[in-house]
Amino acid sequence: MCQHTPPCPTADQSDREAARPMARDEVQGWTLLCNGVALFDDTGELLPDGTVFFRQRCLPLMRGEAT
């Protein structure tokens, strides 16, 4: 898919999010990378083969809670 030189990381590499954005919809919150990975601002990423990776979100501690 990627036509850049040097080529961007492929969808199966651990640094796949470093690929160049090809399309973005800020209202819907997604970015399509040149390696076929779809990044979602709030939920994670979808690989071209259908694999889903969910982002780990840290919840803020409430006042008085132990860490």
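How many bridges join strand 1 to strand 2? Four, and the two strands run antiparallel. Strands here are DSSP runs of E with at least two residues, numbered from the N terminus, while helices are runs of H or I with at least four residues. Two strands count as paired if DSSP finds at least two bridges between them.

Before I go on, a word on the model. It is a predicted model, in which local features need pLDDT of at least 70, side-chain atom pairs count only at pLDDT 80 or more, and totals for chains, interfaces and linings use all residues. Residues are numbered from 1 along each chain as its sequence is written, and side-chain values use heavy atoms, with hydrogens and water left out.

Now the overall layout. The protein chain has zero helices and five strands. Along the sequence, the pattern reads β-β-β-β-β. The chain has 67 residues, and 27% of them are buried. Buried means under 20% relative accessible area, exposed means over 50%, and partly exposed is in between, with a 1.4 Å probe and protein chains only.

Strand 1 and strand 2 form it, with four residues between them. In the turn, Gly-29 has a positive phi of about 80°.

Gln-28 sits in the loop between strand 1 (21-25) and strand 2 (30-33). Is Gln-28 buried or exposed? Exposed, because its relative accessible area is 59%. Its side chain makes a polar contact of 2.8 Å with the side chain of Trp-30. A polar contact is a pair of N or O atoms within 3.5 Å; within protein, one must be able to donate a hydrogen and the other to accept it, and residues adjacent in sequence count only if both atoms are side-chain atoms. Gln-28 and Phe-40 are twelve residues apart in sequence, yet 8.6 Å apart in space, C-alpha to C-alpha.

Trp-30 itself is in strand 2. Trp-30 is partly exposed, at 26% relative accessible area. Which residues does Trp-30 contact, leaving aside its neighbours within four places in sequence? Ala-23, Arg-24, Asp-25, Leu-39, Phe-40 and Asp-41. Contact means heavy atoms within 4.5 Å.

Side chains of opposite charge can pair when their charged atoms come close. This structure holds two salt bridges. A salt bridge is a side-chain nitrogen of Lys or Arg within 4 Å of a carboxyl oxygen of Asp or Glu. Asp-41 forms one with Arg-24, and the closest N and O atoms are 3.6 Å apart. Asp-41 lies in the loop between strand 3 and strand 4 and Arg-24 in strand 1, so the pair ties together parts that are 17 residues apart in sequence. Asp-41 is partly exposed at 45%, and Arg-24 is partly exposed at 43%.

Glu-45 and Arg-16 also meet in a salt bridge, at 2.5 Å, N to O. This pair links distant parts of the chain: Glu-45 is in strand 4 (residues 44-46), and Arg-16 is in the segment before strand 1, 29 residues apart. Glu-45 is buried, with a relative accessible area of 6%. Arg-16 counts as buried too, at 11%.

The backbone oxygen of Pro-9 lies 2.9 Å from a polar atom of the Asn-35 side chain. Where is Asn-35? In the loop between strand 2 and strand 3 (38-40). Why does Asn-35 count as buried? Because its relative accessibility is 7%.

Last, the core. In soluble globular proteins, nonpolar side chains tend to be buried together. A nonpolar core is a set of buried Ala, Val, Leu, Ile, Met, Phe, Trp, Tyr and Cys residues joined through side-chain atoms within 4.5 Å. The largest one here has eight residues: Cys-8, Ala-11, Ala-19, Leu-33, Cys-34, Val-37, Leu-39 and Leu-47. Not counting residues up to four places away in sequence, Cys-8 touches Cys-2, Ala-19, Arg-20 and Cys-34.
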